[in-house]
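Trainee: Could we go through how to read pockets in a model like this one?

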Amino acid sequence: MGRVTSSDPGLDPAVAARLTRNDAGLLPAIVQQHDTGEVLMLAWMDDEALHRSLTTGRATYWSRSRQEYWVKGETSGNKQHVKEIRLDCDGDTLLLKVDQEGPACHTGTRTCFDDGLLG
C-alpha cells in the first residue's frame with residue numbers, strides 16, 4: 001500500500017496548509033493520555049494518516065519501517081481512541097490526546113518512555 005501525498009483531497013485544504021512536513025512528508029505525533037497527561041508514545045503521520053485519525057476517531061499512523069498505514073491496536077487490541085488533535089505553533093508537530101486501551105508500547109509497557117530515564 002503506497003503512501004498518499006499531501007495532494008490527497010481527503011484532508012481539509014485549510015488544515016493541510018497549516019502543516020510543515022519533513023522531507024519525507026511526515027510530521028511527528030506525540031501521543032498523550034487525554035485525562036492524565038501521561039505521554040504514551042511518538043509516531044509519524046502524513047496527511048492521509050491525519051485525515052483518517054480525524055474522521056474515524058482511531059489513531060492511524062505511517063509506519064516508516066513497514067511503509068504502510070497502521071491503526072493503533074488493530075492487531076494488538078491496544079486501541080487509541082482520539083479525543084482531540086492539536087497542532088503546535090510552528091505547524092510541524094502534532095499532539096494527539098487519546099483514550100488508550102492497554103499498553104501503548106509495542107514492548108508491552110504502558111508508555112514507550114517507561115525505561116528511558118537518562119542520568
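Trainee: Which residues line the second largest pocket?

Mentor: First the idea: on a 1 Å grid over the protein atoms alone, a pocket is an open set of points where a 1.4 Å probe fits, with protein on both sides within 12 Å along at least five of seven lines, and lining residues have an atom within 4 Å of a point. Here the lining is V15, R18, L19, L50, L54, I85, R86, L87 and L94. Keep in mind that this is a predicted model, where local features need pLDDT of at least 70, side-chain atom pairs count only at pLDDT 80 or more, and totals for linings use all residues. Numbering runs from 1 along each chain as its sequence is written, and side-chain values use heavy atoms, without hydrogens and water.

Trainee: Which elements give two or more residues to that lining?

Mentor: Elements are DSSP runs numbered from the N terminus: helices are H or I with at least four residues, strands are E with at least two. For this pocket they are α2 (47-56) and β5 (80-87), and β5 gives the most, three residues.

Trainee: How does the lining divide by class?

Mentor: Ala, Val, Leu, Ile, Met, Phe, Trp, Tyr, Cys and Pro count as nonpolar, Asp, Glu, Lys and Arg as charged, and the others, Gly among them, as polar. That makes seven nonpolar, two charged and no polar residues here.

Trainee: What lines the largest pocket?

Mentor: There are 24 lining residues, with M41, R66, W70, K72 and H106 nearest the centre. β2 (39-45), β3 (60-63) and β4 (68-71) each supply at least two, and β2 has the largest share, four.
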